[in-house]
Amino acid sequence: MDTKNIILELRTQKGMSQEELAKKIYVTRQAVSRWETGETVPNTETLKLLSQLFDVSINTILGSPRKLVCQCCGMPLEDAAVSRETDGSFNEEYCKWCYADGQYNYHDMDELIEVCVKNMTGEGHTEEQVRAYMKDMLPKLTYWKNHKELADGGEFERFKKQLIDEFNALNINGMPRVESLNALVGSYVNLAYPLPNGNSVRFLDDGATYLGNQLESESSDGRCFGILANKEFLLVSTYGKDGEAPELIVYKKR
């Protein structure tokens, strides 16, 4: 779809007139009209404003001329998976698992490969095939080419180590020792925990990225522990297959 049609469609979905859109992004109604007839296209700064207003990437507004691929893990990117900066704007270079809130979530290529192997194996590929593919592909991506320049001096790894120590210090019966944490998007792990009054509550932001992991219980009861954290809190829960019957064990402010 051409940019002119995309802008028209996005504006219509918002129920906005050309004049209303123009006011929100500081241009004239005539400018919006020229975009929608294809006479002109928005400049770079206006594209950023349109992206924020319509909550879609600039690439989408331009008709997806680029095939977006995360430059850390190689995953093809659609708007729902594109990372964001701390101000909420899209960062079209990375997925929200690899980059979130202004931070890179992976500094060890082998660690990322193992996460990908766990998630990609079973889709017609063996562990060995996935591992070989990732080892060949990752070094070609921008992030790993420039990793030394993008590194934070180990600050993020120290933060993860601190969280791991805090989880292990909880000494929860039946929970294995925590060895690693991965980036997890809220919408995938935002379970609804039952309350005594019959209602349920969710503690996470679907659009945020957290650090966490899933651990099989040592009690041989078929349940798993789910651990999640960010700078503000630690959360530990248990649940059955596919997140069934979740039970909140710990929600602790840091």
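Guide: Let us begin with burial: a residue counts as buried when its relative accessible area is under 20%, and as exposed when that area is over 50%, with partly exposed in between. Please note that this is a predicted model.

Visitor: Why is Lys160 called buried?

Guide: The relative accessibility of Lys160 is 4%. The cut-off is under 20%, so Lys160 counts as buried. Lys160 lies in helix 10 (residues 155–169). Leaving aside neighbours within four places in sequence, Lys160 is in contact with Asn105, Glu111, Leu181 and Leu211.

Visitor: What makes Ala100 buried or exposed?

Guide: Ala100 has a relative accessible area of 10%, and under 20% is the criterion, so Ala100 is buried. Ala100 belongs to strand 3 (residues 99–100). Not counting residues up to four places away in sequence, Ala100 touches Arg84, Asn105 and Thr209. The C-alpha atoms of Ala100 and Arg84 are separated by 6.2 Å, although these residues are 16 residues apart along the chain.

Visitor: What of Arg84 and Phe90: why is the arginine said to lie over the ring face?

Guide: Arg84 is 4.1 Å from the ring centre of Phe90. The rule asks for a distance within 6 Å and a position within 35 degrees of the ring normal. Lys96 is likewise described, with its charged end over the ring of Trp97, 5.8 Å from the centre.

Visitor: How do you know that Tyr94 and Tyr143 form an edge-to-face pair?

Guide: The structure holds 12 aromatic pairs. In the pair of Tyr94 and Tyr143, the distance is 6.1 Å centre to centre and the planes are at 90 degrees. Tyr94 lies in strand 2 (residues 90–95) and Tyr143 in helix 8 (residues 142–145), so the pair ties together parts that are 49 residues apart in sequence. Tyr94, at 6% relative accessibility, counts as buried, and Tyr143 is buried at 0%.

Visitor: Why is the pair of Tyr193 and Phe203 called tilted?

Guide: Their ring centres are 6.0 Å apart and their planes are at 45 degrees. Planes under 30 degrees apart would count as stacked and over 60 as edge-to-face, so this pair is tilted. Tyr193 is in strand 6 (residues 193–194), whereas Phe203 is in the loop between strand 7 (200–201) and strand 8 (209–216). Tyr193 counts as buried at 4% relative accessibility, but Phe203 counts as partly exposed at 28%.

Visitor: Which residues have the most contacts inside the largest nonpolar core?

Guide: They are Cys70, Cys72, Tyr106, Leu112, Leu138 and Trp144, in a core of 29 residues. Helix 6 (109–120) is one of the elements that each supply at least two residues, and the largest share, 5 residues, comes from helix 6. Another core, of 17 residues, lies apart and includes Phe159 and Val250. Trp144 is also linked by ring pairs into a cluster with Tyr94, Tyr99, Tyr104 and Tyr143.

Visitor: What makes helix 1 and helix 3 oblique to each other?

Guide: Helix 1 (residues 3–13) and helix 3 (residues 29–37) pack at about 125 degrees, with axes 6 Å apart. Roughly perpendicular covers 65 to 115 degrees and roughly antiparallel begins over 145; helix 1 and helix 3 are therefore oblique. Among the residues in contact are Ile7 and Leu8 of helix 1 and Trp35 of helix 3.

Technical notes
Residues numbered from 1 in each chain as written. Predicted model: local features only at pLDDT ≥ 70, side-chain atom pairs only at ≥ 80, totals over all residues. Heavy atoms only, no water. Phe/Tyr/Trp six-rings, centres within 6.5 Å; stacked < 30°, edge-to-face > 60°. Helix = DSSP H or I, 4+ residues; strand = E, 2+ residues; numbered from the N terminus. Buried < 20%, exposed > 50% of the residue type's maximum accessible area, 1.4 Å probe, protein only. Core = buried A, V, L, I, M, F, W, Y, C linked by side-chain atoms within 4.5 Å. Axes fitted to C-alpha atoms, helices over the stretch in contact; angles between N-to-C directions. Parallel < 35°, antiparallel > 145°, perpendicular 65-115°, else oblique. Contact = heavy atoms within 4.5 Å.
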